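User: I should like to learn how to read the features of a protein structure, step by step. Could you guide me through an example?

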Amino acid sequence: MDGTAKSSRGRDHADAPGAKGSVARATGNFRPTRFLLVFFLSLLIGFALLFTPWIQVVDAAFSRVLVRVSHAVIVGCGGHAVMQGAALRTPGGAFGVEMQDGCNGINVTILLFSAILAFPASWKVRMAGLLAGTLIIQGLNIVRFVSLFYIGQYSMSWFDFAHGYLWESLLILDTLVVFWVWVNWVFRSGAASNATP
Amino acid sequence: MPRHSPHVNFLVRASAALILLSAVWWFILLDPLVSGLREITKFVGNLVFERASCELVRETAAGNWDVCVPIDGVHASRKSIEFELARSGPIAFTFGLPVCLAMLLAAPQSRRAWRTLVTGTSVTALLETLLLSLFLVTYAHAVEAQPDLARNAAKKWFFDVAQYLELNVGPALAPFLVAVWLNRDLLWHALGRGEMIERERDKRGTSSKRRRRIAVAKPDTV
């Protein structure tokens, strides 16, 4: 991927009716105001749903699945860990890390979902982006969880820093890049839709 | 040498900058930034609540914040809500600065990069202060409504969502949005439209040069 649009691909967007100015011509039907409006609305709805009791049950079950996968990764790589519900502990029980709300990557998945939903594209393309993006984000989240399990055994100060701030921002950054790669793919494949999101 | 995509290049640059700057923030800048945030929050609080009956923010020996929010609640006897906020609360509202700077430093640089950095720092600081003030007021209302929350599930849900958005989502997302808003080149290049934008700019640049040439040439010809 070279990150630039082939002129033949961009031709249909460049001539989009109603597009004004160079930026609008170059970006087809992408309208920043509409994008931001739908993005923030979806974000609000997504987080509002996340806190409903029935989604919380699914959320907790999903966290346990992620912990099970993380445990399998650690054991598969020759490490030692004991799984207790949504928590991973060292065999001696000296240290443990529990996957709570917000640690299972659902929040950044909602972010990606909102961004993809707000972008003008067909539903098929959106679903493909969402599926691939979720897999990438969750894969990275397992790396994050496993790394935190080891960082915590080494230093609690480093754990607080990595858990509360660094990994959180790295996940958002990755979500942003996943979204950009998807948008680039949408433009390159000519799948940008004229329909409103 | 293999040629990486601009997205991968940006991801590597931004991740490296984020790790470096957040380490500087955590080990060096944290205390002064939290102190600064406390003073700014006090200042904003004094502007909003002109006749505060208590000191709005006070730091405890453990580094937590004693917060007092004047409130016109249903309880006539109560004029303010006081609560202790763990140090991790205000810290979350200072992390936007290294994130915003990392994003801007990793973005394609323009000639006015320093101006963007200054604006990014100021706008992020302003947004984070406003989000913190909003969170403190929401938290105070949640404390006031505490007796009702056990019985009223909808009210509890509302406060949970509001506090999560103000404490977790807003401060984490704000620096990214500010960086993308300030550096349009970052946005368009990321969207894979960089080549087209540059072509448009070249076209505009050529025509404006031509216009300038004509403008300069006119006096000679007249």
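The dialogue below goes from the overall make-up of the chains to single elements and residues.

Analyst: Please keep in mind that this is a predicted model. We shall begin with each chain as a whole.

User: What is the make-up of chain B?

Analyst: Chain B comprises eight helices and three strands. Its elements follow one another as α-β-β-β-α-α-α-α-α-α-α. Buried residues account for 34% of the 222 residues in this chain.

User: How is a sheet read, and what is the strand order in chain A?

Analyst: In chain A, three strands form an open sheet in the order β1-β2-β3, with antiparallel pairing. Its edge strands are β1 (82–84) and β3 (96–98), each of which pairs on one side only. The twist from one strand to the next averages 20°.

User: Which residue is the bridge partner of A:Val82?

Analyst: The partner is A:Arg89, in β2(A). The strands β1(A) and β2 (residues 87–89) of chain A pair in the antiparallel sense over three bridges. Helix α4 (residues 53–76) of chain A lies across β1 and β2 of that chain, and runs at about 25° to β2(A).

User: What is the strand order of the sheet in chain B?

Analyst: That open sheet of three strands has the order β1-β2-β3, and the pairing is antiparallel. The edge strands in chain B are β1 (57–59) and β3 (80–85), each pairing on one side only. Neighbouring strands of this sheet are turned by 15° against each other on average, direction ignored. Helix α1 (residues 6–48) of chain B packs on the sheet and touches β1 and β2 of chain B; its direction makes about 155° with that of β1(B). Helix α4 (residues 113–144) of chain B lies across β2 and β3 of chain B, at about 110° to β3(B).

User: How may I check the length of a helix, for instance α5 (residues 106–118) of chain A?

Analyst: One compares the span between the end C-alpha atoms with the span expected from the number of residues. At 1.5 Å a residue, the 13 residues of α5(A) should span 18 Å, and its end C-alpha atoms are 18 Å apart, which agrees.

User: Is α5(A) mostly covered or mostly uncovered?

Analyst: Helix α5(A) is mostly covered, since 11 of its 13 residues are buried. Among them are A:Ile110, A:Leu111 and A:Leu112. The buried residues of this helix pack against α3 (32–50), α4, α6 (123–154) and α7 of chain A.

User: Where does α7(A) bend?

Analyst: Helix α7(A) bends by about 45° at A:Ala162. This helix has 33 residues and reaches 46 Å from its first C-alpha to its last, close to the 48 Å expected at 1.5 Å a residue.

User: Why does A:Val178 count as buried?

Analyst: One counts the C-beta atoms around the residue, and 20 or more others within 10 Å make it buried. A:Val178 has 24 other C-beta atoms within 10 Å, and therefore counts as buried. This residue is in helix α7 of chain A. Leaving aside neighbours within four places in sequence, A:Val178 is in contact with A:Leu112, A:Gly133, A:Ile136 and A:Ile137.

User: Which residues touch the most other members of the largest nonpolar core?

Analyst: Of its 95 residues, these are A:Ile172, A:Phe179, B:Ala14, B:Ala102, B:Met103 and B:Ala179. The largest share of this core, 17 residues, comes from helix α7 (residues 156–188) of chain A. Not counting residues up to four places away in sequence, B:Met103 touches B:Ala14, B:Pro175, B:Phe176 and B:Ala179.

Note on methods. Residues numbered from 1 in each chain as written. Chains lettered and ligands numbered in written order. Predicted model: local features only at pLDDT ≥ 70, side-chain atom pairs only at ≥ 80, totals over all residues. Core = buried A, V, L, I, M, F, W, Y, C linked by C-beta atoms within 7 Å. Buried ≥ 20, exposed ≤ 12 C-beta atoms within 10 Å, placed from the backbone. Helix = DSSP H or I, 4+ residues; strand = E, 2+ residues; numbered from the N terminus. Contact = placed C-beta atoms within 7 Å. Pairing = 2+ DSSP bridges. Axes fitted to C-alpha atoms, helices over the stretch in contact; angles between N-to-C directions. Expected span 1.5 Å × (residues − 1). Bend = angle between axes of the 7 residues up to and from the residue.
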